[in-house]
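Open the model in your viewer and keep the selection tool at hand. We will walk through it stop by stop.

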Amino acid sequence: MLLSNRSIAALGLLLAVVIFGVLGSYILGQFGHNFNQKMDLVNSIYFTIITLSTVGYGDIVPITPIAKLFVVILIVFGMGAFLTALTSISGDIASRRILDFSTKLTSIEEELTKEQILLIGSGYVNTAIANELKNNKTKYIFAVSDSVIADKLQRDGFKVVQMDLLSEEEIKKLHPDRAKLIVIDMNNPVDAVYVILILGDIAKDAKMVVIVNSDDAERRLSSVKKMVKDISIINPQKEIALELLSNINLNKRNE
């Protein structure tokens with residue numbers, strides 16, 4: 001519905017005031033010399049509209065006390081009805097525009113977040129991944145909690161969202177259920193656990209990768225791994241160390 005019931009009622013009230021003004025001025029003009037001109041139907045409509053619009057040309061004026069009292073009542077009720085109708089209709093138009101804008105924005109957000117890679121946390125691995133995705137023009141969103149880091153990343157050309165990563169409502173805005181990959185790279189393992197638990201409820205079918213920087217953090221997150229369907233835990237430092245040791249042992253054997 002274009003107009004709300006309140007706006008329709010306000011327009012009905014305004015119409016009633018106009019009818020009151022037309023009929024009242026017509027009756028007063030027919031019985032007694034209450035106006036300075038003859039009040040036929042056309043003059044009654046003209047006088048009512050001019051009075052309610054506060055234009056007041058002054059070509060038709062009341063000249064008796066009863067006519068002046070009638071005009072005062074018409075102005076008081078007319079202004080109230082007019083302002084009520086204007087406010088209500090303006091509110092309906094503004095609400096519709098806001099709704100249309102919100103619908104378009106939601107549609108845009110859904111398109112932008114469909115089949116994207118979601119990077120949560122400002123660790124060095126996520127930063128490196130974001131840089132590669134940016135260069136490859138792959139869709140991604142980089143979510144960080146620190147506003148200073150977010151500003152720096154934005155200046156570097158990354159698509160960054162600064163938000164409270166420990167808030168379920170905030171994370172829902174990222175539409176993690178539509179992400180094809182979620183990489184969690186946070187300095188605090190406790191925060192990482194909390195984010196994983198949130199995502200475990202929201203994005204049950206999404207592929208998740210958690211970056212850890214210590215054996216202790218890896219042990220803590222291993223217990224959470226059992227609670228989430230599709231999650232991998234990667235310790236880059238440990239993997240680099242194992243690869244280096246493997247290369248050293250291989251070189252020794254070759255010698």
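Buried here means under 20% relative accessible area. Keep that cut-off in mind, and remember that this is a predicted model.

Select strand E2, residues 140–144.

Now widen the selection to the open sheet of 6 strands, which pair in parallel in the order E3-E2-E1-E4-E5-E6. At the edges you will find strand E3 (160–162) and strand E6 (231–234); each has a single partner strand, so one side of each is left without a neighbour in the sheet. On average, neighbouring strands are turned by 20° against each other, direction ignored.

Zoom in on the pairing next. E1 and E2 run parallel and are joined by 4 bridges; there, isoleucine 120 has alanine 143 in E2 as its bridge partner. Strand E4 (residues 181–184) and strand E5 (residues 208–211) also run parallel, with 3 bridges between them. Look for isoleucine 182, which stands opposite methionine 208 in E5.

**Stop three: two loop residues with positive phi**

Most residues other than glycine have a negative phi, and most peptide bonds are trans. Select lysine 137, in the loop between helix H4 (124–136) and E2: its phi is positive, about 60°, although it is not a glycine. Then go to histidine 175, in the loop between helix H6 (168–172) and E4, where phi is also positive, at about 50°. Is each one buried or exposed? Lysine 137 is exposed, with a relative accessible area of 78%, whereas histidine 175 counts as buried at 16%.

**Last stop: a nonpolar patch**

Finish on the surface with Leu15, Ile19, Leu23, Tyr26, Ile27, Phe31, Leu41, Ile45 and Ile49, a nonpolar patch with about 880 Å² of accessible area together. Helix H1 (5–30) and helix H2 (41–52) each give two or more residues to the patch, and H1 gives the most, with 5. Click on isoleucine 45 in helix H2: this residue is partly exposed, with a relative accessible area of 41%.

Note on methods:
Residues are numbered from 1 along each chain as its sequence is written. This is a predicted model: local features need pLDDT of at least 70, side-chain atom pairs count only at pLDDT 80 or more; totals for chains, interfaces and linings use all residues. Side-chain values use heavy atoms; hydrogens and water are left out. Patches are made of residues with over 30% relative accessible area and no salt bridge: like charges are joined within 9 Å, nonpolar side chains (Val, Leu, Ile, Met, Phe, Trp, Tyr) within 5 Å. Accessible areas come from the Shrake-Rupley method with a 1.4 Å probe; for residues, only the protein chains shown count as cover. A salt bridge is a side-chain nitrogen of Lys or Arg within 4 Å of a carboxyl oxygen of Asp or Glu. Buried means under 20% relative accessible area, exposed over 50%, partly exposed in between (1.4 Å probe, protein chains only). Two strands pair if DSSP finds at least two bridges between them. Axes are lines fitted to C-alpha atoms, for helices over the stretch in contact, and angles run from 0 to 180 degrees between N-to-C directions.
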